[in-house]
Structure formats: structure tokens, C-alpha cells
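Colleague: I have some time to go through this one with you. Can you put it up?
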Number of protein chains: 2
Amino acid sequence: MAPMKWDELYAKRMLRMRRSAIRELLKVTRRPEVISFAGGLPAAELFPIPQVKEAVGQVLQSLGGKSLQYGETEGIPELREWVARNFSRNGAQISSENVLITTGAQQALDLAGRVFLNETDRAVVENPTYLALLSAWRPYVGEFLAVPSDENGMQVNALPEILKKRPKLIYVTPNFQNPQGTTLTRERREKLVALSREYDVGVLEDNPYGELRYNGQALPHLLEIEAAQGKSSPFPEHVLYSGTFSKVLMPGLRVGWVIAAPEVIDKLGMAKQAADLHTSTICQYTALELLRRGFLDEFVPILCKSYGQRRDLMLSALEKHVGSRAKWNRPEGGMFLLVTLPEKYDTAKLLPRALEQNVAYVPGEEFHFNGDGKNTMRLNFSNARPEQIEEGIRRLAAIL
Amino acid sequence: MAPMKWDELYAKRMLRMRRSAIRELLKVTRRPEVISFAGGLPAAELFPIPQVKEAVGQVLQSLGGKSLQYGETEGIPELREWVARNFSRNGAQISSENVLITTGAQQALDLAGRVFLNETDRAVVENPTYLALLSAWRPYVGEFLAVPSDENGMQVNALPEILKKRPKLIYVTPNFQNPQGTTLTRERREKLVALSREYDVGVLEDNPYGELRYNGQALPHLLEIEAAQGKSSPFPEHVLYSGTFSKVLMPGLRVGWVIAAPEVIDKLGMAKQAADLHTSTICQYTALELLRRGFLDEFVPILCKSYGQRRDLMLSALEKHVGSRAKWNRPEGGMFLLVTLPEKYDTAKLLPRALEQNVAYVPGEEFHFNGDGKNTMRLNFSNARPEQIEEGIRRLAAIL
């Protein structure tokens, strides 16, 4: 299609999209000899194949054609109700009208960008932040504003200065942030919600990993804190919450959800209808059937036990093989930790050597929108088998 | 979220999205006493539940966790290969690199809009055209340009004048257009491709209904015609083809695809990654398993027989109950026909009376981007049971 004059055709919208050279490099992680800490994948060997088979079979049996027919854009009513019930706690009152089922949480991020962000708008993100949030919002937003982070996540005290620039949205992952693995303290959560109310700015609370906690106390959702700070009607007012079954059931279903004020759900729903009409009905019904059978209560503890062990293995291996040559954090949950090397290192340049040693990671620079973080690397601990983790870290240490 | 100043928040992008009042009205079609010719639904009672159950079971059994894990944005390689093989005919040479798997064909339309259309751009559509194409492209495009249609679809002879305005894309459904049911002649197809080459403009060939032909000869895809007109390298150059399993398997899987030049697939893939990461792996593998079992060869003739009978029943009922009070066409396939009433009628205003009589249709105005077509209505003949069709048309005739 070269004769079609790409520069013209793709104009500014597409020129903002970038195919990462790193992503191409990381394709070699498909080779079985590579120990990959690069992806953000759950451990597929834990997926409960017989239970899924039984659940799909039950859905097809009892619902017949309905389970494979077109469905409502907003999602199947029973699943929206499940989400509403599950999140109506600690003072938060959620109804089906607050819920839109999405094609994975990624779609919730994309739809929020479509609906809220125009080319003259600003959005606040941590730097580093979730890579695919940057991809999703870059075509819509005018400018990203960085809020600094530390070992307790977003430095909320730095926000008032940033909020003077009148951004439209703040993106935050309060639990086990990707890539940093950090968790926002209760005080910061309360302050963040109070600021969103004071400055009248939306907060997208992205919580894909919240259930995967291996130690420490669970903290309230921003959604619950907004309800507790009260007085807002309709509720929720400033918080949009995005969740997913990708980490607690299986990502291949591509079923997520967003919780927001009914007027916001209405707009997101219109955007979703244009994007893909609706999320797979058979996948939604299968997730619902697993929920009805109480499968989460059984499966989440299995995941937490397994991923918690893998995290501990990785932390011990780092201690043993890397020691004082780098720093890293001890996430209380989720799937990632961030390793910080001395300033002289560039982890993007180091990656080909790591791949030669058959070990992979994602350079931290990828998660920054401005080229920072060159001396950091994100390690995933949920996907590699326990017996591979120490060996992988040993290989990594060897190239430092 | 009213305190968040909607007007500001939604700015121009969202103000262009409209929730149709008609869509709200049509929610009553869920009542069982309503005979609905409104939706674009296949007949769910024909869905082969036992075969789907067997195919999903087989996928889970043989692939295990892989079938529920994250997958590649471009789609599972075996399904991309199936599409490439299936469309490599009549001189068209398609490889996997030309194929992107999408979350239904709707996503292909949306992604094309994202990648190609900016606010200063124009796009050519028939008027009337597919409603959800208008929703998908409205937030991106500067202006729609209408090309007139007749009983043979798009009046391609009118294009040169329109192409002087340098649109970026032409959207066309060559087979059994929605809502008109028209099919583009071979001569028009050839002329359309030649014009796209001459004026260097992209053509999105949307073909959801092509396999559902009940009489007459199948005609070549624009994709094949571009290959035959030859000389273009890489191929395809100007044609983007979007297809789906929604009409020949089941829409609840949400599996479609787009075929285009590798550079275009690359861009669409980046946009897809931002939109939903990838299409459900279990749905893709289930579709693939059904294809491998040769299920299409068995099922498409069943659909054609059944939908063809329903079309004939509707045509006879129109003849009998409406007669000379209106005009309509005899589509050779697909799921829709368009009824044209005398100029004095407004089918949107008539709809509440129809719903009182427990019969539903979609007012033709919905498919026009400029308020035309007030005296037309779209009737779907694939979803209502055969025994309901005559009664539905009788009720419709009673209100005319």
C-alpha cells in the first residue's frame, strides 16, 4: 500500500503509535530454552481445564443458542448483577446500571480514553506506568503529566501542583502496580479521592491484580473510599473502576468490566458498541457459571499460594545472585517487581545479551513515556516455573 | 458525574456519538409476543449446540491452558493461516501476514477508522449504509460523502465526481448490503477497483453475508478483482477485506478478520493491541476446530436453505398483504430487505403503532447519515420463525 502515501494516510493519529523494537526482540521468548520474566502472563498450568469444560458444557446445555447469539452491548444482565453485588460493600452501593462488561480490562482503558480525552486534554500517570495504557491513550490525549512514585506508589502529595494544569483523568493502579509492584497506602488512597473531588477530576482505578495478595492487609478500593467520603450523588462520581477476570480466572476469556456513574456507563457503552458491539456471550456465560459455582473462592487461594512462592523464590535468588549490585522491591502481591541497576546501565542495550543467555525481561524504559528508567528492568514472577526461577536469575546476574 | 461538566468532558468527540431513540424503543422487541423484523440476528435455534460442545471440549482437552492463556494480538497463527488459504483463489495470493483476527467484523471497521481517518478526512459511504459503520467512523472522520445506490448497489459511475474530493476510504458491502439487500454487479466491482487504483483510495470491502446466497451466481470479491487487475505489489494494495464467522458460525464467538497489505495489518494490529490486546483465544480455537472438522460445508447449506425459505415467505406475505401500497426488493441472499413506502410516510413515527401491534422493524432513516430515507423500513427475515413471518407482515400491513 506504499503508493497510498503513508504519511498522509496515517497523519498524526497513527504517527503517535509506535511498534516497540523491544517487543520484536522479545519474540524469541517463545523458544522453550528461554526463561522468560518478560511477559505479564499467569501460569497456564494452573488453569482448571476440567472445571472450565464442565462450565462451558453446562452453559451450552442449559442456554442453548442464546449462549452463542448476539448479546447486549452492556453485557449479559446476570454478569453485570454479579459485579454490582460483589462491589457493593463498605458503603459502596453499586447497581447493574453502574456496570459495563468489557473485552478485557484493556478495552475499559481504551474506552475511557475515547470518551474523555481530546487532543487538547491532559492525563496524569505514574512514570513508569502500564505500557498498554500509554498505547491506548496516546492517540487521544494531548499530553501526559507525570506524577512521581516511591515504594508506596503514586506520590499523592505531588498532585495538587499537577492538578492546577486541569487534567481530565488520573490513571492509577493502587494494588501491585505494573511495572513497579507498589501498593498505595490507605492515607494516599484517601487523599487521592479527596483531591479528585476537590479538583473535580476523574480517577481511573485499574485493579487487575487486587485479589492476588500474598501478604499484608487488603486496602479499600478508591470506589469504596469515594462512597465513604460520601455526599456525592450519583455515586460513583469521580472514580471509574476497571476490573478483569484475566488474572483470577483466565485471560483467554477476555472478560473485564468497568464501574462508573450511569451517565459515564452510557457514554462508554456507546463507544463500546462502535468498537466491537459486545463481548463474547459464550465467554461471559462461562465466567458467570464459574462464579456461580463459587470457583473463585477455590481458585484464588491456589493462585496466591503458587505466585507467592514464586515471588519468594525470585526474591531469594536475587539476594543470592545479584546481592548489592542492584536494588529491588518486595511486592505484597501481583505479578511483577522492578529491579534498579546503577545509573551507568541501560537495560534496553543489555537485553540482547540476556537473550543470548536465554533469559528475558522488559527494559523499564518501555513503561516510561519520556525515556526515563533506562537503568531499570521489570521482572514477572508468575509465569516461569518454580524450578526455572533461580536459574533465570543466575543467568541474569551473570550479564551484570 | 454531572458535577464534572459534561460539555467540557465529552467535547467534540463524544458529542458526535448519538444514542438512538429508536434503539430504546426497540427494547420492547424482547417481549415474546413481539414478532421482530428489527434486529440483524441469525436464527439461534439453528446453532449446532452439540457440535460446539464437542469442539470446545476437544480444544480444552488437546491444548489445555494454552487455549485460555493470553494470545498474540494478530490472532492465533493457525486461524490466520486458514483465512489466508481460504482467500487465496482466483489469482489472489494471501499469506498470514495479510491477516489480522478481530473481535467480530465490527472491530475491523473501527480499527480501519482509527488508523486511516482524521478530522480533516472524508469517507465515501452508500446512503443508506450499515448503521454501526456510521457509529464507528463518526468520531474519527471529518465528513461522510454519499454515493447514490440503486437496485444493483452502489452507483459506481457517480464515484469519479466524488473522488475529486480526495476521500481516504470507500466503504462498500458488495453482497446483500445492509440495509438494502442489494448486490454489486461484476461490472461495478471491476470499475470500483479500477477507480480505487486510479484515484489511489482505499476500499473497505465488508462481506459479512457473502456465503448466505439463496439464488444467483456468486461474484468475485474486490480482493480477487484487484489481484486480477494485477501489477500491484504488495498485494492487496487498495482493498481491505473484512469478514466474520458471526453469520456462518455464531456471533457469540466474536471472531472476525481483516485482510490487507502487511503494512496496513501492522498498523491495524497496533491499534488492536491498544483496543483489547487480542481476541478471545478459546473462541478462536473453537472456531478453528469447527473449521477443521469441515463444519462450514455442512452448516452453510442448512442456513441458506432455512434463510432462503424465510426470505421467500416474507416476499409472498408482502405481496399478499401489502401489494401495491409499497415497493421492495428481492435480495439474492443475506438477511435484509428494504421496503419503500409512498413519500408521505415517516416510518420512525409509524414505529410506536407497529410496536402496539407487536411487530417491529428498523426505520430506514437510521441507516442514512443525513436524515434521508424517512419513508423506508428495513426488514430482517433470518430471525423470525417461519410460522411468524406471514403474521408479522399482516400486522405491519394493517398499520399502513
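Colleague: Which residue is the bridge partner of Thr102(B) in strand 10 of chain B?
Modeller: The bridge partner of Thr102(B) there is Gly256(B). Strand numbers follow DSSP runs counted from the N terminus, with at least two residues (E) for a strand and at least four (H or I) for a helix. This is a predicted model, where local features need pLDDT of at least 70, side-chain atom pairs count only at pLDDT 80 or more, and totals for chains, interfaces and linings use all residues. Residues are numbered from 1 along each chain as its sequence is written, and chains are lettered from A and ligands numbered from 1 in the order in which they are written.

Colleague: How many bridges join strand 2 of chain B to strand 10 of chain B?
Modeller: Four, and the two strands run antiparallel. Strands count as paired if DSSP finds at least two bridges between them. Strand 9 (residues 239-244) of chain B is also joined to strand 10 of chain B by four bridges, again antiparallel, and there Tyr241(B) has Ile259(B) as its bridge partner.

Colleague: Are the faces of strand 10 of chain B covered or open?
Modeller: Both are covered: Gly256(B) and Val258(B) are buried on one side, Trp257(B) and Ile259(B) on the other. Buried here takes 20 or more other C-beta atoms within 10 Å of the residue's own, exposed takes 12 or fewer, and partly exposed is in between, with C-beta atoms placed from the backbone.

Colleague: Over to chain A. What is the strand order in the sheet?
Modeller: The order is 2-10-9-8-7-3-4, an open sheet of seven strands with mixed pairing.

Colleague: Which strands stand at the edges?
Modeller: Strand 2 (99-102) and strand 4 (143-147) of chain A; each has a single partner strand, so one side of each has no neighbour in the sheet. Neighbouring strands are turned by 20° against each other on average, direction ignored. Strand 2 of chain A is joined to strand 10 of chain A by four bridges, antiparallel, and Ile101(A) stands opposite Trp257(A).

Colleague: What does helix 5 of chain A lie across?
Modeller: Strands 2, 7, 8, 9 and 10 of chain A, and the helix runs at about 155° to strand 9 of chain A. Axes are lines fitted to C-alpha atoms, for helices over the stretch in contact, and angles run from 0 to 180 degrees between N-to-C directions.

Colleague: Where is His221(A) found?
Modeller: His221(A) is in the loop between strand 8 (202-206) and helix 9 (222-229) of chain A. His221(A) is buried, with 25 other C-beta atoms within 10 Å. Leaving aside neighbours within four places in sequence, His221(A) is in contact with Glu205(A), Asn207(A) and Tyr241(A). Contact means that the C-beta atoms, placed from the backbone, lie within 7 Å.

Colleague: Now the backbone. Which residues does a cis peptide bond join in chain A?
Modeller: Asn178(A) and Pro179(A), with omega about 20°. Pro179(A) lies in the loop between strand 7 and helix 8 (186-198) of chain A. In chain B, a cis peptide bond joins Asn127(B) and Pro128(B), with omega about 20°.

Colleague: And what is phi of Arg166(A)?
Modeller: Near 55°, a positive value in a residue other than glycine. Arg166(A) is exposed, with 12 other C-beta atoms within 10 Å. Phi of Asp200(A) is also near 55°, and Asp200(A) counts as partly exposed with 16 C-beta neighbours inside 10 Å.

Colleague: Last topic, the dimer contact. How many residues does it take from chain A?
Modeller: It takes 66 residues from chain A and 66 from chain B. Helix 10 of chain A gives the most to the chain A side, with 10 residues. By class, that side has 33 nonpolar, 17 polar and 16 charged residues. Nonpolar covers Ala, Val, Leu, Ile, Met, Phe, Trp, Tyr, Cys and Pro, charged covers Asp, Glu, Lys and Arg, and the others, Gly among them, are polar.

Colleague: What rotation superposes chain A on chain B?
Modeller: A rotation of 180° with 0.0 Å of shift along its axis, at RMSD 0.0 Å. The two copies are thus related as by a two-fold rotation axis. The superposition is by least squares on C-alpha atoms of residues with pLDDT of at least 70 in both copies.

Methods:
Two residues are in contact if their C-beta atoms, placed from the backbone, lie within 7 Å.
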